[in-house]
Amino acid sequence: MSSSPPSRDQIVATLTPITDPELRRSIVELGMVREVFVDDDGRVRVVLALTTPGCPIRGHFEREIGAAVGALPGVEAVEVAFDVLNTAELAELGVRLGRANLPAGALAQVRTVLCVASGKGGVGKSTLSANLAGALALTGERVGVLDADVWGYSLPRMLGVSARPEITAGHKLRPPLAQLRVGPALKVMSIGFFLKEGDQAVVWRGPMLHKTIQQFLEDVEWGELDHLVVDLPPGTGDVAMSLAEFLPQARFVLVTTPQLVAQRVALRAANMALKLNHEVVGVVENMSGYLDSDGRHHEIFGHGGGDAIAGELDVPLLGRVPLTIALREHSDAGKLLVAEQPDDAAASAISDIAARLRALAPQRSLPMADPIGVGLPMAS
Ligand code: ADP
């Protein structure tokens, strides 16, 4: 005699260990299980709501759910159907991701978190992170810089910081300071402080990376900050994912070059942020032409990329930063151009962008998720 079908609760319990491979949390905990139906003949139907309509991991869920539920005594057939989370549910998911893992009290004194992202390397993301942080500090605000570009960390060098973090009496890491020519110093944290010079070969395994990012947020004595500027690794991936869990309130700035062909990769990075329920505040177009000594403008990297992406994402183009020799030289020398040579065309463009970001910054204190205004993410 075959056993009677399992209860709805038994099925939900069986689904609980199944995780979303991207968000790394239980599909039950994430609120993705929309419907569980079981009839008297042991036929089970599970409806799973996904974060994007074009979610490429349907097959994964079908297999996992089919195997787990199918193994329960009394189950004759399993049907897995899909739906999409609506905007309110996505917002709720962002809150769940954040609230569940946000270290209580950590970063409680940080007013805004600004993540600087790009689709690919070499577009000037780190240079802009450093100089934007500097430009914000020049207005008298308290600024920290977190180098989360764990594979291509360059901020200690760009900011001319060689001191190592100190361990405080409370077993926290005190971030070294980057002294600017004028204005308050920046608090800086980077994996580069913990590695030997030239030691580039860090092999990160997912959990280790996650733990490191957590430590950078939780175990670093950031203190009171008006802005924490985070330099993300290029592309989409594990670091953005970890930050999304720890910092649901982070806002993203997307750096791109004027090249139209670079658009798709930049959009992917933006879509990742949107998928994780972060706000994309705007786009910065870097390497936006070069002015020669005769005053002629050369569009070395083409034209229109920043506008195109800003248009597609429906966010403002925060500014265009031209190529200048002084910006490259200062970065190489570990000096911040915005502080050393504020009249340089690139420096003044970056300062204008910082002013725009200040104007757009929320005034209230963190931590608070701010999922409002995030539309349904686009499938990529
Ligand atoms: P990413 O972080 O995107 O990989 P970097 O910030 O390391 O890029 O920049 C790559 C190189 O380009 C660096 O040598 C940097 O000094 C230079 N660079 C970036 N933006 C500019 C600019 N607007 N003018 C001149 N050089 C720039």
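The model is predicted: local features need pLDDT of at least 70 and side-chain atom pairs count only at pLDDT 80 or more, while totals for chains, interfaces and linings use all residues. Residues are numbered from 1 along each chain as its sequence is written, and side-chain values use heavy atoms, with hydrogens and water left out.

I begin with the overall composition. The protein has 12 helices and 16 strands; these elements are DSSP runs numbered from the N terminus, with helices being H or I of at least four residues and strands being E of at least two. Of its 380 residues, 53% count as buried. Here buried means under 20% relative accessible area, exposed means over 50%, and partly exposed lies in between, for a 1.4 Å probe and protein chains only. Among the contacts with a separation of 6 or more, 77% are between residues 24 or more positions apart, where contact means heavy atoms within 4.5 Å.

I turn next to a sheet. Three strands form an open sheet in the order S3-S4-S5, with mixed pairing; two strands pair if DSSP finds at least two bridges between them. Strand S3 (33-38) and strand S5 (77-84) are the edge strands, each pairing on one side only. On average, neighbouring strands of this sheet are turned by 15° against each other, direction ignored. Strand S4, residues 43-50, pairs with S5 in the parallel sense over eight bridges, and Arg-45 stands opposite Glu-79 in S5.

Two helices lie across these strands. Helix H1, residues 8-15, lies across S3 and S4 and runs at about 135° to S3. Helix H2, residues 58-70, lies across S4 and S5 and runs at about 145° to S5. For these angles, axes are lines fitted to C-alpha atoms, for helices over the stretch in contact, and the angles run from 0 to 180 degrees between N-to-C directions.

Which residues does Phe-61 contact, leaving aside its neighbours within four places in sequence? Phe-61 belongs to helix H2, and its partners include Ile-27, Met-32, Leu-48, Leu-50 and Phe-82. Phe-61 counts as buried because its relative accessibility is 0%. Pro-21, also one of its contacts, is 40 residues away along the chain, with 9.4 Å between the two C-alpha atoms.

A further group of strands involves S12. All seven residues of strand S12 (residues 225-231) are buried. Strand S6, residues 110-118, pairs with S12 in the parallel sense over six bridges, and Cys-115 has Val-230 as its bridge partner. Strand S7, residues 143-147, is also parallel to S12, over five bridges. Within that pairing, Gly-144 stands opposite Leu-228 and Asp-147 has Asp-231 as its bridge partner. S7 is also joined to strand S11 (residues 186-190) by four bridges, and these two strands run parallel; Leu-146 stands opposite Met-189 in S11.

I now come to the largest pocket, which has a volume of about 410 Å³. On a 1 Å grid over the protein atoms alone, a pocket is an open set of points where a 1.4 Å probe fits, with protein on both sides within 12 Å along at least five of seven lines; lining residues have an atom within 4 Å of a point. Of the 25 lining residues, the closest to the centre are Gly-122, Gly-124, Thr-127, Asn-286 and Met-287. Helix H4 (125-138), strand S14 (279-291), strand S16 (317-323) and helix H10 (325-332) each give two or more residues to the lining. The largest share, five residues, comes from H10.

Finally, I note two backbone positions. Most residues other than glycine have a negative phi. His-171, although not a glycine, has a positive phi of about 60°. His-171 is found in the loop between strand S8 (166-167) and strand S9 (173-174), and counts as exposed at 69% relative accessibility. Asp-314 likewise has a positive phi of about 60°. Asp-314 is placed in the loop between helix H9 (305-313) and S16, and is exposed with a relative accessible area of 70%.

How values were computed
Points joined across faces, edges and corners; volume = space filled by probe spheres on them.
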